[in-house]
Amino acid sequence: GILRKEEYGFKVIPNVNREVSIEENSILDLKVGNRLVIDDLKSSRKLKINRVAILKVLDSLKEKQVVECDEIRYDFKNTKISTGLFGINRIFLPSSNIFPTLVASDSNDYITLKEIETTNIEDYKSRFIEEIYKKGDFRKLTKSETCVVQGFPKDFSLPESRARWMKLLGNSVSVPVIEMLGRAILKTGVFELGKDTGIYQGPEYSYQT
């Protein structure tokens, strides 16, 4: 249930007398032998510049019986990394030391408070599936936790709706990081004024105030 069929290769049917459009002909020009391959079409600079809707044009060529699919491949139904499988992208354990950036649209990333200690990868995967995934022993970050991640007070005033407060916090920046950068910039003296001259003193230029 996590894969979908995709038409990947097409055979150009020989000796078919059909009127084709400029866009259809631009695709037919890219055949190798008597075949068209999706990856080749998608990487064609000419088609990109002319904004040719590849799949739509291929459907038109199939209707005219100029081409027919001769190779099927499979891809994941959900191809975006934030989508994951069955609504779950990643589950982070307490031992995790790398985390994704918070995003305004929220994400399908979860955390668990359960520790797993094993000596090999196979045992780790098995225990993770059985003890955490199947038991649903994971959850999303709470509002207060997300505030702490971004450097806000735990009780920072925010809307009750998760979609709204996640959008605000996800679109924000990490307050301690910005404070650190601001202080570092101030220490350069870039904003200082000459005591008597009234001339702005910068590291690379100056002007009269």
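The model is predicted.

Let me start inside. The largest nonpolar core has 17 residues. Ile27, Leu28, Leu36, Leu41, Leu58, Leu61 and Val67 touch the most other members. Where do the residues come from? Strand E1 (3-12), helix H1 (22-28), strand E2 (35-37), helix H2 (38-42) and helix H4 (54-63) each give two or more. H4 has the largest share, four residues.

Take Ile27 as a way in. Leaving out residues up to four places away in sequence, Ile27 touches Leu36, Leu41, Leu47, Val52, Ile54, Val57, Leu58 and Leu61. There is also a second, separate core. That one has eight residues, including Ile88, Ile116, Phe128 and Ile132.

Now the surface. Leu3, Ile72, Tyr74, Phe76, Leu85, Phe86, Ile129 and Tyr133 make a nonpolar patch of about 790 Å². Two elements give two or more residues to the patch: strand E3 (67-76) and helix H5 (121-133). E3 gives the most, with three residues. Phe76 sits in strand E3. Its relative accessibility is 41%, so Phe76 counts as partly exposed.

Next, helix H7, residues 162-171. Which residues of H7 are buried? Trp165, Met166, Leu169 and Gly170. Looking down the axis of H7, the buried residues fall within an arc of 125°, so they line one face of the helix. They pack against helix H6 (143-149). On the other side of H7, the exposed residues are Ala163, Arg164, Lys167 and Asn171.

Arg51 is in the loop between helix H3 (45-49) and H4. Asp106 is in the loop between strand E4 (90-92) and strand E5 (109-111). Buried or exposed, these two? Arg51 is exposed, at 74% relative accessible area. Asp106 is buried, at 17%.

That brings me to charge. Side chains of opposite charge can pair when their charged atoms come close. How many salt bridges does a search of the whole structure find? It finds 18.

The side chains of Asp106 and Arg162 meet at 2.7 Å, N to O. Asp106 is in the loop between E4 and E5, and Arg162 is in helix H7, so the pair ties together parts 56 residues apart in sequence. Arg162 is partly exposed, at 28% relative accessible area.

Another pairs Glu160 with Lys143, at 3.8 Å, N to O. Glu160 lies in the loop between H6 and H7, and Lys143 in helix H6, 17 residues apart. Glu160 is exposed, at 70% relative accessible area. Lys143 is partly exposed, at 22%.

The last pair is Glu71 and Arg35, at 3.3 Å, N to O.

To close, keep two elements in view. Helix H7 has a buried face, and Arg162 of H7 pairs with Asp106.

Terms used:
Residues numbered from 1 in each chain as written. Predicted model: local features only at pLDDT ≥ 70, side-chain atom pairs only at ≥ 80, totals over all residues. Heavy atoms only, no water. Patch = residues over 30% accessible without salt bridge, like charges linked within 9 Å, V, L, I, M, F, W, Y side chains within 5 Å. Areas by Shrake-Rupley, 256 points an atom, 1.4 Å probe, with all protein chains shown as cover. Salt bridge = Lys/Arg side-chain N within 4 Å of Asp/Glu carboxyl O. Buried < 20%, exposed > 50% of the residue type's maximum accessible area, 1.4 Å probe, protein only. Core = buried A, V, L, I, M, F, W, Y, C linked by side-chain atoms within 4.5 Å. Contact = heavy atoms within 4.5 Å. Arc of directions from axis to C-beta.
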